[in-house]
Amino acid sequence: MLDFLRQPWPWYVAGPLIGLTVPALLLIGNKALGISSSLRHVCAACVPAGIPFLTYNWRAELWNLFFVLGIAVGGFFGYQVLGHPDTIAISPETVRDLQAQMGLTDFTGLLPKELFALENLANWKGWVFLVLGGFLVGFGTRYAGGCTSGHAISGLSNLQWVSLVAVIGFFIGGLLMTWVFYPLLF
């Protein structure tokens, strides 16, 4: 069983399991799957400053905070116990592109160490990308009324028009960043 859990799950297993979480939450507790709203709940619990946006009964959404905590603990536990020791399978074309365009050489582990290392924060460029990227993600999540997974999983499964528009926008933004802005920045 442990060997089965250590292998990457195919999309036709993992996808339906994620997809079935939405109706399960709706049927069991009349709850919508979403993660980005948990930051608002934490702020409402920890910063009772009378800010109108944070003045609501956050205790009614306590389940969401436990859900997010479970994701974090489960991710840590899964990596520590079930960690995938093999090199992540990346197509040879992608490896060549990353080597040629970005000078990446280390493809062991889950993330390229040249991109995701603490040394990258030691310069102004790393801090600008971190702070600006964090602000843009936070602003975009609030402006769109949810995060990418919330719209793509929960919103689309509930046939919400605004989620379809948001997901199309996410894809367009990702394509523009990958093919237009990213090559200009690096």
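This is a predicted model: local features need pLDDT of at least 70, side-chain atom pairs count only at pLDDT 80 or more; totals for chains, interfaces and linings use all residues.

Tutor: Residues are numbered from 1 along each chain as its sequence is written, and side-chain values use heavy atoms, with hydrogens and water left out.

The closest cysteine sulfur to that of cysteine 43 belongs to cysteine 46, and at 7.4 Å it is too far for a bond. A disulfide is a pair of cysteine sulfur atoms within 2.5 Å. By this rule the count is 0 disulfides. Cysteine 147 is in no disulfide either: its nearest cysteine sulfur, that of cysteine 43, lies 16 Å away. As for accessibility, buried means under 20% relative accessible area, exposed over 50%, and partly exposed in between, with a 1.4 Å probe and protein chains only. Cysteine 43 is partly exposed, at 28%, whereas cysteine 147 is buried, at 16%.

Now the surroundings. The domain assignment, whose bounds come from an automatic or database source, gives domain 1 (1-83) and domain 2 (117-185). Their centres, taken over C-alpha atoms, are 19 Å apart. Contact means heavy atoms within 4.5 Å, and 6 residues of domain 1 are in contact with 9 residues of domain 2.

Helices (H or I, at least four residues) and strands (E, at least two) are DSSP runs, numbered from the N terminus. The expected span of a helix is 1.5 Å times one less than its number of residues. Helix 6 (residues 124-144) has 21 residues and should span 30 Å; its end C-alpha atoms are 29 Å apart, which agrees. At its start, a side-chain oxygen of asparagine 123 comes within 2.7 Å of the backbone nitrogen of glycine 126. Just after helix 6, glycine 145 has a positive phi of about 75°.

An unreviewed UniProt entry lists residues 12-30, 62-82, 124-141 and 161-182 under "transmembrane region". Its positions are in the numbering used here, feature names are shortened, and annotations may be inferred rather than shown by experiment. Over residues 62-82 the chain is 100% helix and 0% strand, with end C-alpha atoms 29 Å apart. Residues 161-182 are also 100% helix and 0% strand, and there the end C-alpha atoms are 30 Å apart.

Technical notes
A polar contact is a pair of N or O atoms within 3.5 Å; within protein, one must be able to donate a hydrogen and the other to accept it, and residues adjacent in sequence count only if both atoms are side-chain atoms.
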